[in-house]
Amino acid sequence: MTRDLAVIGAGPAGLAAAVTAAATGLRVVLVDAGARPGGQYFRHPPDTLAGPRGAARHGWAEFARLRDELAGHVAAGRITHLAGHAVWHVEAHSEEADARFTLHLGGTGSVAVSSGAVREVRARALVIAAGAHDRPLPFPGWDLPGVLTAGGAQALLKGSLVVAGRRVVVAGTGPFLLPVAAGLASAGARVEGVFEANRPGRFARHGARVLRNAGKLAEGAGYAAVLLRHRVPYRVGHAIVAAHGDDAVESVTVARLDRDWTPVRGGERVIECDAVAVGYGFTPQLEIPVELGCATRVDADGSLVVVVDAAQRTSVPGVYAAGETTGVGGAPLALTEGRLAGQAVAAALGAPPARPSRRLLARRARLRAFAATLHDAYAVRPGWAGWLRPDTLVCRCEEVPYGRLDEAVRELGAIDPRAAKLISRAGMGWCQGRICGYPTACLTARIRKRAPDVADLTGLARRPLAQPVRLGDLAEDPAAGGAEDADGADPGGGGPC
């Protein structure tokens, strides 16, 4: 299958990029691991499940319009939507090739790629909008069953209408804690408290930026009203520093923190619960851009992100990025960047010109400034390392405790996170460092008395396979599912080429 543009990810940024490019006449393939479009932000249950469809969510009307546009372009043959397909490798070809990129696809855990399905996609340009996943920080007991990431608890509720527990504690930092707690409380869970490690009063330093985003303030006020209605306590300057239980979590210790996140003596209390949802921001999924050699930088929130120019172009010709890949900033910013990327690709490939509107450019600038304000107010402070004990697991997959990581750096000569990984095996398990990579980089750099840099984070983000792939998918001949027949139709059912 060959297309003008391949878009990786069908979340807000990917959807916006795909429909924008298709509207100019480009032939687009939209590849996504999910069974339904929308990504994590617009995740919704299948039609076979009874329950709310999401119409009351913020931004749902805009998503519904995008989904309808997608369906229209699919029906017209302008977009081929490959749901349930994971991109595990991307090849870049010379500029003289008819298609500069080849995407290798495999099945996902939710949707199997059957024999005869699409396994290769070739494209002249590529938009990477792969989104992000939760960024947890380790603490004693975080490996107990019942301790979830905040996004994991929300995904269960949004996608399957399943409540993570009957008595839930929500903790971490960032405004994302509010919708998670409000959603759980509205669904019938007893939320024992929301514990925000930072003190959001820092917003007062950026009054003008905050006022220019009054809609986000109203959204936050709506979540706060839900918490108030369900009598959910909200505490700032507090964090979960330990979870307790035998076969599953039974309680947590919550500590009062100073501004550096060091626990204050005498400020601890134990709260009984059967589920915990924790999150300290997000980690962009950068396997593909790192593999292609796209330039990266450390963003204000400590995440490794892709460097893009005003047109969402990366440092690699033909590769564009949008959404959380370029910096975590929320769905409205992702939608805006996706539209700009779609317009830029269309212009680069010779489609009828669609000059980026001043409105879109101004909206992106405003939303990026607001995201920077959030990163400042909800930054991860260094005191969290003091929560750890020598036996606290840093890497849950390989069961690597903090003491072994510390030994790898102090005694065995690891000078960077990648060396610490090779010596201690932190980040070498099933998740390949997606969960423990950030804390491993931070702890290694801290022991070396410095801050983590681009090289530290890149060393733990680089993976030879971008996503898990079945051996059966690797063994299949790509021509069996990815080749076109004589009259240009895709035998995998993806629509006309």
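Biologist: Hi! Which strand do six bridges join to β1, and which way do the two run?
Modeller: That's β6, residues 120-128; six bridges join β1 to β6, and the two run parallel. Keep in mind that this is a predicted model.

Biologist: Is β1 mostly covered or mostly open?
Modeller: Mostly covered: of the seven residues in β1 (2-8), six are buried.

Biologist: Switching to aromatics, how many pairs turn up in the whole structure?
Modeller: A search finds six aromatic pairs. Take W261 and W387: their ring centres are 6.2 Å apart and their planes sit at 15 degrees, so this pair is stacked.

Biologist: Where do those two sit in the chain?
Modeller: In distant parts, 126 residues apart. W261 is in the loop between β13 and β14, while W387 is in the loop between α9 and β20.

Biologist: Are W261 and W387 buried or exposed?
Modeller: Both are buried.

Biologist: What about Y41, what does its ring have over it?
Modeller: The charged end of K158, which is 5.3 Å from the ring centre. Y41 also belongs to an aromatic cluster with F42 and F63.

Biologist: And which residue lies over the face of W142?
Modeller: R396 does, at 4.1 Å from the ring centre.

How values were computed: Residues numbered from 1 in each chain as written. Predicted model: local features only at pLDDT ≥ 70, side-chain atom pairs only at ≥ 80, totals over all residues. Heavy atoms only, no water. Buried < 20%, exposed > 50% of the residue type's maximum accessible area, 1.4 Å probe, protein only. Helix = DSSP H or I, 4+ residues; strand = E, 2+ residues; numbered from the N terminus. Pairing = 2+ DSSP bridges. Phe/Tyr/Trp six-rings, centres within 6.5 Å; stacked < 30°, edge-to-face > 60°. Lys NZ or Arg CZ within 6 Å of the ring centre and 35° of its normal.
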